[in-house]
Amino acid sequence: MILCCGEALIDMIPEATNLGQEGFVPHCGGAVFNTAIALGRLGVRTGMLTGLSNDMFGRQLTDALAASHVDTRLVINSDRPTTLAFVKLVGGHASYTFYDENSAGRMLADSDMPPLGDDVSALYFGGISLACEPGAEAYLALAKRHARERAVIVDPNIRAGFIADEARYRARLEALIAHTDVLKVSDEDLNWILGTPLSLAQKAEALLQKGPALVIVTRGGEGATGYLRGGVAVDVPAQRVQIADTVGAGDTFNAGVMAKLSEKGLLSKEKLAALGPDELREALSFGAKVAAVTVSRAGANPPWADEL
């Protein structure tokens with residue numbers, strides 16, 4: 001089972017009302033939540049480890065996970081509020097205003113983390129849950145505790161506005177990368193992590209030296225490149241579709257890559273360390289295919305396996 005560890009929140013999406021004014025409609029979201037949903041819909045055995053509220057929004061998130069066949073046994077419930085993200089869409093691109101203080105997800109501590117069963121073969125981390133303390137420290141401790149025997153996949157999905165203490169965040173990310181097998185970053189993430197005047201390829205090579213067996217760099221509509229140790233680079237194009245919006249595109253891409261690696265029996269530390277270019281190309285291409293469906297329709301609405 002792939003265990004997705006991180007935020008689940010409510011995206012408040014603007015919609016017109018019959019009064020002519022704009023209102024907000026609650027939709028389930030969060031980078032890690034979106035990836036878990038996409039994996040579940042692709043038929044991959046998937047679980048979610050997060051903090052969820054007992055409020056009405058927490059119940060909405062729990063129901064959505066179950067509807068997409070995501071195992072919720074490791075969810076940590078509390079009476080704290082649900083994180084809310086108010087979304088503004090301009091030209092199909094989203095910007096966010098977050099309300100996250102004292103939330104059920106953010107306030108997780110290492111002592112809250114449940115033991116993991118032998119059925120958990122891989123851990124996925126990412127999003128704002130790596131930036132917001134104290135939960136960010138709890139997720140780092142979880143990764144360190146289980147990285148020796150389980151594959152670790154990370155997409156930091158960096159949102160600079162969430163980083164209260166840049167030095168602490170950079171130190172935490174550096175520690176997590178050292179325990180990571182697959183690191184996925186956007187070109188913007190990569191340039192934030194390494195601000196030096198190097199090419200994207202050179203920066204990806206520098207990250208490979210920090211621990212990962214594979215670094216994937218996405219470039220929006222320009223496709224993605226996977227970098228393996230030894231100077232191997234594999235490019236795949238983005239699939240051309242009519243874009244409704246880009247919400248959840250990267251999260252769904254991640255799910256597609258992990259789903260294909262899992263299907264091929266490659267989502268383990270040993271197999272990832274020996275990954276070849278043909279296997280990598282197949283995984284990246286499937287990620288691009290799945291993401292193309294998501295961006296072709298409104299909201300983070302990843303496809304089911306039979307839609308592909």
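Predicted model: local features only at pLDDT ≥ 70, side-chain atom pairs only at ≥ 80, totals over all residues.
I started with Glu133, which is partly exposed at a relative accessible area of 27%. My cut-offs are buried under 20% relative accessible area, exposed over 50%, and partly exposed in between, with a 1.4 Å probe and protein chains only. Residues are numbered from 1 along each chain as its sequence is written, and side-chain values use heavy atoms, with hydrogens and water left out.

**Salt bridges**

I counted a salt bridge whenever a side-chain nitrogen of Lys or Arg sits within 4 Å of a carboxyl oxygen of Asp or Glu. That rule gives 19 of them.

Arg168 is partly exposed too, at 40% relative accessibility. I found it in a salt bridge with Glu133, with the closest N and O atoms 2.7 Å apart. Glu133 is in the loop between β10 (122-126) and α3 (135-146), and Arg168 is in helix α4 (residues 166-177), so the pair links parts of the chain 35 residues apart. Helices here are DSSP runs of H or I with at least four residues, strands are runs of E with at least two, and both are numbered from the N terminus.

Next I looked at Asp155 and Lys184, whose side chains meet at 3.2 Å, N to O. Asp155 belongs to strand β11 and Lys184 to strand β12, so this bridge ties together parts 29 residues apart in sequence. Are these two buried or exposed? Both are buried.

Then I checked Glu282 and Lys264, which form a salt bridge at 3.4 Å, N to O. Glu282 is in helix α9 (residues 277-295) and Lys264 in the loop between α7 (249-263) and α8 (269-273), 18 residues apart. I also noted one network of salt bridges with shared partners, joining Arg45, Asp71, Arg73 and Asp119.

**The sheet**

I traced an open sheet of nine strands with mixed pairing, in the order β6-β4-β1-β10-β11-β12-β13-β14-β15. β6 (70-71) and β15 (232-236) are the edges: each has a single partner strand, so one side of each has no neighbour in the sheet. Strands count as paired if DSSP finds at least two bridges between them.

β1 (residues 2-5) pairs in the parallel sense with β4 (residues 46-49) over four bridges, with Cys4 facing Met48 as its bridge partner. Four bridges also join β1 to β10, again parallel, and there Cys5 has Phe125 as its partner. Ile2 and Cys4 point one way from β1, Leu3 and Cys5 the other, and all are buried. In a regular strand the side chains alternate between the two faces of the sheet.

**Helix α4**

I asked which residues of α4 are buried. They are Tyr169, Arg172, Leu173, Leu176 and Ile177. Down the axis of α4, the buried residues fall within an arc of 135°, so they line one face of the helix; the arc is taken from the directions from the helix axis to the C-beta atoms. What do they pack against? I get α3, β11, β12, α5 (187-193) and α6, with contact meaning heavy atoms within 4.5 Å.
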